[in-house]
Amino acid sequence: MKNYMKMSQLYAPTLKEDPSEAELASHRLLLRAGMIRKTAAGLYSYLPLAWRSLLKIENVIREEMDAIGAQEILVPMVVPGEIWQESGRWDVYGPELLRLKDRHGRDFVVGPTHEETFVDLVRNELRSYKQLPVTLYQIQDKFRDEMRPRFGLMRGREFIMKDAYSFDATVEGMQKSYDEQKAAYARICERCGLRALPVVADSGQIGGDTSVEYMALADAGEAELVWCDCDYAADVEAACVGIEVEEGPGTTCERIETPCEGSIASLAQFMGISEKACRKSFAIIAEDGTPVLCLLPGDHELNEVKAEHAFGHYDVMDEEQMAKYGLVKGYMGPIGADERVRVVADTSLRDSKSWLVGANEAGYHIKGACPGRDFTVNEWIDLASAKEGDACPHCGKPLHGARGIEVSQVFQLGTKYSDAMGATFMDEDGVEKPFQMGCYGIGVSRTLAAVVEQHHDEHGIIFPVCVAPFEVEVVPLDIKGEVWEAADRIANELVDAGIEVVVDNRKERPGVKFNDADLMGFPYQVVCGKRGIKDGTVEVKERATGQREDVAIADVVPYLAEKVIAQRK
Ligand code: ATP
Ligand code: MG
């Protein structure tokens, strides 16, 4: 027999004050509502309310995975070092990887992700094309020794991840598995109440060639995005957009005095032109030691990820290095720089003939400089970060800007791991071939944080029904007599109707109960007070809208059951 949860017994130690270490709403509210507690930096315990929400998220994931034929398993969290050596990641994965030795001195890692383990698991037993495709997944704790664990569950060191791996015989098969996972991931976000965009991503550490990240839109998100009404969306680091460039003033190359601070904004203001009509310079030292001057449209920034692709691990030049190469801080430009400096310009500038650039002399710029005539551009590369207002690469309309939290990511891996680890199957033509793989990860604990980030107000969390720890809270304003009896009866009937109920049976003032109810964010509150009970009514408050309604006691159970069940998805 099911029972309701009594608030007096619920282990949810709430906090009256905002914890000082919490910058993000989700971090602050999960702590304040008594849902999580920190054990050490990036290590959190999930208390009953958080655990109930996490199990709901996990079950949404399970249903969606099962629906596309993926099978749940569980592999060890601790992974033998040998298979990480085999894949080659032992040497390239940085200090995020927690390495350990057992009593025999053998190497192990605590899995930050499990490609190696899954490949090792299937490589000797999935033998024939007839057995393919296969997708396996697990829901498990991962460990990454993040440099800056922060924001509570958002960036932990130990966190819950669902990770899936698909094994196919052909590239087309892999594409299909990938597409199915991608579609399932969209449904998972939606069912968890997240507004998320699939964005084209940089493939990152796991590698592979095609990848999408689901970004939950939130001002607190770490990722900077651009998106378009036509459905295009991309990380500013991966986006290749159309940048509108303006010509600088004049067409003849001329040195001019510019007694302004060495910033583009002040230069544009002094000249009475837009920042777009200026050219911005960044001086770096490429990984191979080459000094490079990067030229960009004045209103755009150098994109670090694109720059790393082009120049490897580069360093920004310090003033001493600048001086060595004839560059002057605040007044840098291609003209007058040392001839060892390689000049690289953003592709958006290719058709522009009049550039306003620094003169490599404090207080002076050069206007009307023309590439090919007055200086040489050694190479044209896409280097600029996309931003709001740039043109959508699909439809040309101006893009919107937004910030996002990466809640999940899907990758096509191809044969990266199967090649490295010799994981092959016998194909129809009798030839041994490596598996075509995909991998798919969802941050389960981060999803909970993202849900809170998207659904809260100044009073607390506003859980969508699908991930709420309890669906209804009954709040009796008196814990004895007829008020209590009515509350107890309603709560029991709600439980019988299949609703998850908590009853605030504490001997507390109404204000305390209301505050806690709003803080914990259960979707519906049923307030039972003396006056209402006399008239045969209770007050139902919807947390999301704040709307209150008097409902006849006789009707309240079917009334709530209908609302709650409709929103379970
Ligand atoms: P990030 O860029 O945020 O560090 P990632 O791209 O390295 O994440 P993946 O390897 O794609 O992460 O892992 C799959 C999912 O696991 C991510 O989409 C994210 O939701 C979650 N995740 C990754 N790192 C963390 C972390 N430190 N804390 C909580 N969740 C995480
Ligand atoms: Mg990722």
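**Note on a predicted protein model with one ligand**

1. L126 counts as buried because its relative accessibility is 10%; buried means under 20% relative accessible area, exposed over 50%, and partly exposed in between, with a 1.4 Å probe and protein chains only. L126 lies in the loop between α5 (115-122) and β8 (134-143). Beyond residues up to four places away in sequence, L126 touches Q131, L132, V134, F167, T424, F425 and F435, where contact means heavy atoms within 4.5 Å. The C-alpha atoms of L126 and S20 are separated by 52 Å, and the two residues are 106 residues apart along the chain.

2. The model is predicted: local features need pLDDT of at least 70 and side-chain atom pairs count only at pLDDT 80 or more, while totals for chains, interfaces and linings use all residues. Residues are numbered from 1 along each chain as its sequence is written, chains are lettered from A and ligands numbered from 1 in the order in which they are written, and side-chain values use heavy atoms, with hydrogens and water left out.

3. The protein as a whole has 15 helices and 32 strands. Helices (H or I, at least four residues) and strands (E, at least two) are DSSP runs, numbered from the N terminus. The C-alpha trace spans about 90 × 70 × 50 Å along its principal axes. Of the 569 residues, 53% count as buried. Where contacts join residues at least 6 apart in sequence, 69% of them link residues at least 24 apart.

4. The accessible surface of the protein is about 25,500 Å², and carbon and sulfur atoms account for 48% of it; such areas come from the Shrake-Rupley method with a 1.4 Å probe, and for residues only the protein chains shown count as cover. There are 64 positive and 95 negative side chains, with the centres of the two sets 5 Å apart. Lys and Arg count as positive and Asp and Glu as negative, whereas His and the chain ends are not counted. The place of a charge is taken as NZ of Lys, CZ of Arg, CG of Asp or CD of Glu.

5. Which residues are the closest to ligand 1? They are R144, E146, R155, G156 and E406, from a set of 15 that surround ligand 1, a residue being near when one of its heavy atoms lies within 4 Å. Strands β9 (158-168) and β22 (400-414) each supply at least two residues of this shell, and β22 gives the most, with 4 residues.

6. An N or O atom in the side chain of E406 is 2.6 Å from an oxygen atom of ligand 1. For V407, a backbone N or O atom lies 2.9 Å from a ligand oxygen atom. For S408, the corresponding backbone distance is 3.5 Å. Ligand 1 taken alone exposes 580 Å², of which the protein buries 84%.

7. S408 is located in strand β22. Why does S408 count as buried? S408 does so because its relative accessibility is 3%.

8. Helix α1 (residues 25-32) is mostly covered, with 7 of its 8 residues buried. The elements that cover them include β2 (36-40), α11 (444-454) and α13 (510-520). After α1 comes G34, whose phi is positive, near 70 degrees. Helix α5 is also mostly covered, with 6 of its 8 residues buried, among them F118 and V122.

9. Some backbone angles deserve a check. Most residues other than glycine have a negative phi, and most peptide bonds are trans. L132 and P133 are joined by a cis peptide bond, with omega about 0 degrees; P133 is in the loop between α5 and β8. D231 has a positive phi near 95 degrees, and at 68% relative accessibility D231 counts as exposed. N360 has a positive phi of about 60 degrees, but N360 is buried, with a relative accessible area of 11%.

Key
A polar contact is a pair of N or O atoms within 3.5 Å; within protein, one must be able to donate a hydrogen and the other to accept it, and residues adjacent in sequence count only if both atoms are side-chain atoms.
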